[in-house]
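Here is a short briefing to read with the structure open beside you. Take a moment to find your way around, and then we can go through a few local features together.

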Amino acid sequence: MEKEFLTFYKSLEKNTFKMFYKNNFYFVYEDDLEQLTKNAINLFGCTMTPTRKESILELKITKQQGELLIKYFLTEKKLSVQEYIFLNNDFILNREGHPGNWKDFNEILISTEQTPYMGAVYQINKNTISFSFIDSLDKTIFYFTFQDDDILTNLFNFISEINISEIICCQNSILRNLNNMGITVNLVNPKGETNISPSASILIDFLKLKTYKLKEYFPESIMRVDNSLLYALNIYSLENKLLSKEFLNQQTNFDYKNYVEHNFKDIFSTFYCQTNQGSRLLHKFFKFPLRDLNEINKRLDYVEIFTKLNLNLKYFPDLLRISKRIENERISLQECLRLYQIIFKIPELLQSLIKYEILYQDFIFPLESLKEIFYDLIKEIERVIDLEKANNNEYCIRANLSCNLEKLQNDIFKIKNEIKLEYERVLTLNKKIKLEFSGTLKPSDILNSKSSTVCDDEIENIYFNKDINIAPKSEMGFEEYNSYKSTKNISIKDIHFSFKLSRIDFRSFQNEFKKNRFFEISFLKSGIIFTSKKLYELNLNWDKIIKEISKEERTIKKELKSFLKNYISHIEIFNHVIAMIDVFSAFALKSKLNYSRPIFKENYFEIRKVFNPLLENNECVLNSFKLEDRKICVITGPNMGGKSTFLKSCGIVSLFAQMGCYVPCEFACIPIFDGIFCRIGANDCTFKGLSTFMIEMIDISKICKSATSKSLVLIDELGRGTSAIDGLSIALSVSDYLWNLKCFSIFATHFPELCTEKVVSKRVKVHKESRDIVLTYELEDGVCDTSLGLFVADLVGFPQEVLNLKD
């Protein structure tokens with residue numbers, strides 16, 4: 001058997017992480033063990049040692065650990081994952097997912113994080129490119145065509161801005177350029193001609209999509225923003241310590257001021273989104289800011305309205321996850337009830353929103369339509385699920401849906417009563433004997449329940465797992481069972497109801513135990529588990545009837561799941577409306593923290609009393625500046641003076657404004673930018689062999705190629721990674737280029753030579769008191785010709801003998 005499996009295993013894809021599911025555990029074998037063991041400490045906080053089973057090396061992990069691995073390899077390692085299950089004495093592929101398309105693992109990976117995009121590219125001719133991309137969650141394919149150069153510069157920019165994690169192509173001619181971009185590429189066989197976009201056709205064929213939405217993408221309607229900008233502006237941070245949703249749900253009297261006073265590492269975390277779907281939509285708002293003035297103002301109008309509302313959305317589940325579980329036919333009765341309860345929240349939402357006519361198109365009309373559409377869904381759930389028992393956390397099918405089901409449930413009630421009577425009889429022998437049930441509930445909860453089932457998920461997992469024996473395979477008698485037990489290792493799980501007595505009490509009970517012909521099931525530290533002939537027979541009958549009930553209920557559940565599939569698109573619309581309400585509620589909270597509504601004016605850029613959102617609840621220095629005829633501002637000043645922070649704040653104001661959010665300043669009158677391009681920070685990339693200066697030059701080259709007269713460019717200390725003469729020459733050249741381009745640009749620099757008559761010169765104000773220097777963090781007109789680097793060295797505690805060498 002091991003040799004057959006090893007042959008099967010070696011026939012599987014090499015560049016895929018493979019997991020095998022059996023008996024509620026995952027197993028990892030051979031080559032995949034190397035990937036797992038070297039990442040085990042980071043993932044599980046401990047090392048994991050595989051064992052050798054004959055000729056195969058394997059590692060057994062829990063289901064929870066397995067799901068953690070799935071998420072890790074898909075999102076962090078960018079590696080495809082396959083899950084195989086054991087069925088009919090063989091392993092078959094059950095689920096798979098890819099870095100750009102989570103596919104069957106959507107329900108596991110759906111969270112507050114950004115969702116991945118998979119792209120496809122097709123070169124129509126030398127300079128014409130067809131490009132498509134798909135969000136792995138909502139199956140909407142966006143497609144567009146554009147002109148490009150020989151090295152696919154525009155394609156690289158689009159891939160970076162959209163944050164594509166995986167590319168599909170069918171042409172060797174562009175494969176090399178795609179590989180040079182450092183992105184996962186899948187080369188597929190070309191298909192025949194199609195009436196739709198050729199790149200979209202490649203995606204549809206590769207993903208084998210049966211249902212999808214096609215939508216033309218217009219890059220000119222979206223401000224160009226990529227991940228490097230979002231990290232440079234501290235929108236995201238690798239050190240993010242986002243408050244968990246569990247923490248937020250514990251706050252009975254929510255205080256937003258207290259929320260933002262936590263030690264946030266990024267700006268995204270300062271937005272209070274109450275739901276997972278709201279957080280995901282906020283990611284998209286950051287990734288795709290608008291350029292349409294009417295759409296931006298419409299969002300700003302929504303923010304103004306939502307400041308008057310106080311909607312509690314914390315009770316809303318992740319409806320997208322529920323829709324995916326419906327799609328995969330994995331939804332439980334409990335989740336059906338959760339959906340049912342949330343639908344009844346629609347009138348409550350409408351009552352709050354209905355008074356504002358401006359909200360009609362995007363909020364009120366969809367909710368009113370959904371209220372009518374969901375009427376039949378509500379009736380079907382009420383028809384199928386026993387709502388009265390659900391109030392007691394018992395999720396089961398109504399008994400009257402089937403004559404056979406009703407009869408079987410009556411039989412279960414009779415068995416429960418007989419178990420009670422048997423337990424009462426045994427108690428007369430020793431009052432310390434307890435009744436045990438091998439499930440998650442207490443025996444008293446089972447016996448006193450009016451339901452015939454424990455939990456719909458638990459029953460399906462137990463009774464329809466072919467690898468688990470719930471009871472002896474034949475319905476043998478009690479004496480035969482004694483003989484069977486002596487030769488087979490029967491677990492306590494094989495007996496649903498049993499008796500238990502502590503070891504100490506059992507000593508005085510041994511004579512009665514033998515006299516009444518009780519039989520020991522298990523001898524534990526906590527006590528003796530045993531059964532009687534009557535209880536054993538009741539167990540057999542219980543097992544047989546429960547299986548029949550489960551079989552009957554499975555048919556009804558299957559019909560319910562099939563019915564729910566008709567509402568997947570409507571549930572996703574409902575999910576989007578809730579996400580919109582959540583995001584604009586978060587924006588409304590921002591507007592109450594000295595944020596202001598931005599004004600838009602072409603060729604004019606003025607910001608007054610700006611502050612960084614990470615400091616929005618702290619006292620900080622507020623700065624202002626204005627650009628009009630001269631479109632370049634050069635800021636000079638000492639290290640640690642606040643130049644970079646001001647640079648970032650200007651970028652954040654522009655980004656927030658085009659997201660449709662109020663901005664962190666007293667007043668902002670800005671143009672609508674087609675993109676924000678920045679070079680902030682210093683780092684290298686050892687594994688690519690790139691120095692700090694080389695990365696800086698790559699970024700500046702991209703800015704010069706991509707920026708237009710309608711772009712905003714932010715550059716921090718250009719030329720720091722090389723000699724002063726070369727650095728100054730590069731800085732002057734880039735400044736002249738951007739001046740000729742006539743785009744708004746802000747430089748932070750230590751080169752006062754950049755402060756010419758063509759630019760607006762600002763400097764960080766510094767107070768000098770005898771030998772002490774005080775940084776004010778205030779901007780004023782003028783030029784600073786010193787960096788005060790030695791002052792900073794002294795500030796951080798350089799040894800005095802080192803500082804004395806300056807003389």
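A residue counts as buried under 20% relative accessible area, as exposed over 50%, and as partly exposed in between. Keep that scale in mind for the residues below, and please remember that this is a predicted model.

**Backbone angles**

- Tyr-777 is not a glycine, yet its phi is positive, at about 65 degrees.
- You will find Tyr-777 in strand β26, which covers residues 772-781.
- The relative accessible area of Tyr-777 is 39%, so this residue is partly exposed.
- Lys-742, also not a glycine, has a positive phi of about 65 degrees.
- Look for Lys-742 in the loop that runs between α30 (724-741) and β24 (744-749).
- Lys-742 has a relative accessible area of 55% and is therefore exposed.
- As background, most residues other than glycine have a negative phi.

**A buried glutamate**

- Glu-422 belongs to helix α20, made up of residues 403-427.
- With a relative accessibility of 6%, Glu-422 falls under the 20% cut-off and so counts as buried.
- Leaving aside residues up to four places away in sequence, Glu-422 touches Phe-499, Ser-532, Lys-534 and Leu-535.

- Helix α12 (residues 276-287) packs against helix α27 (residues 568-591), and their axes are 8 Å apart.
- The angle between α12 and α27 is about 70 degrees; angles of 65 to 115 degrees count as roughly perpendicular, so that is how α12 and α27 lie to each other.
- On the α12 side, the contact is made by Gln-277, Gly-278, Arg-280, Leu-281, Leu-282 and Phe-285.
- On the α27 side, the residues they meet include Asn-575, His-576, Ile-578, Ala-579 and Met-580, and Asp-582, Val-583, Phe-584 and Phe-587 are also among them.
- Sorted by class, the residues in the contact of α12 with α27 are 9 nonpolar, 4 polar and 2 charged.

**A strand pair**

- Strand β15 (residues 519-524) and strand β16 (residues 527-531) run antiparallel and are joined by 5 bridges.
- Between β15 and β16, a hairpin makes the link through 2 residues.
- To find your place in this pair, look for Phe-519, which stands opposite Thr-531 in β16.

Note on methods
Residues are numbered from 1 along each chain as its sequence is written. This is a predicted model: local features need pLDDT of at least 70, side-chain atom pairs count only at pLDDT 80 or more; totals for chains, interfaces and linings use all residues. Side-chain values use heavy atoms; hydrogens and water are left out. Axes are lines fitted to C-alpha atoms, for helices over the stretch in contact, and angles run from 0 to 180 degrees between N-to-C directions. Helices (H or I, at least four residues) and strands (E, at least two) are DSSP runs, numbered from the N terminus. Angles under 35 degrees count as roughly parallel, over 145 as roughly antiparallel, 65 to 115 as roughly perpendicular and the rest as oblique. Contact means heavy atoms within 4.5 Å. Ala, Val, Leu, Ile, Met, Phe, Trp, Tyr, Cys and Pro count as nonpolar, Asp, Glu, Lys and Arg as charged, and the others, Gly among them, as polar. Buried means under 20% relative accessible area, exposed over 50%, partly exposed in between (1.4 Å probe, protein chains only). Two strands pair if DSSP finds at least two bridges between them.
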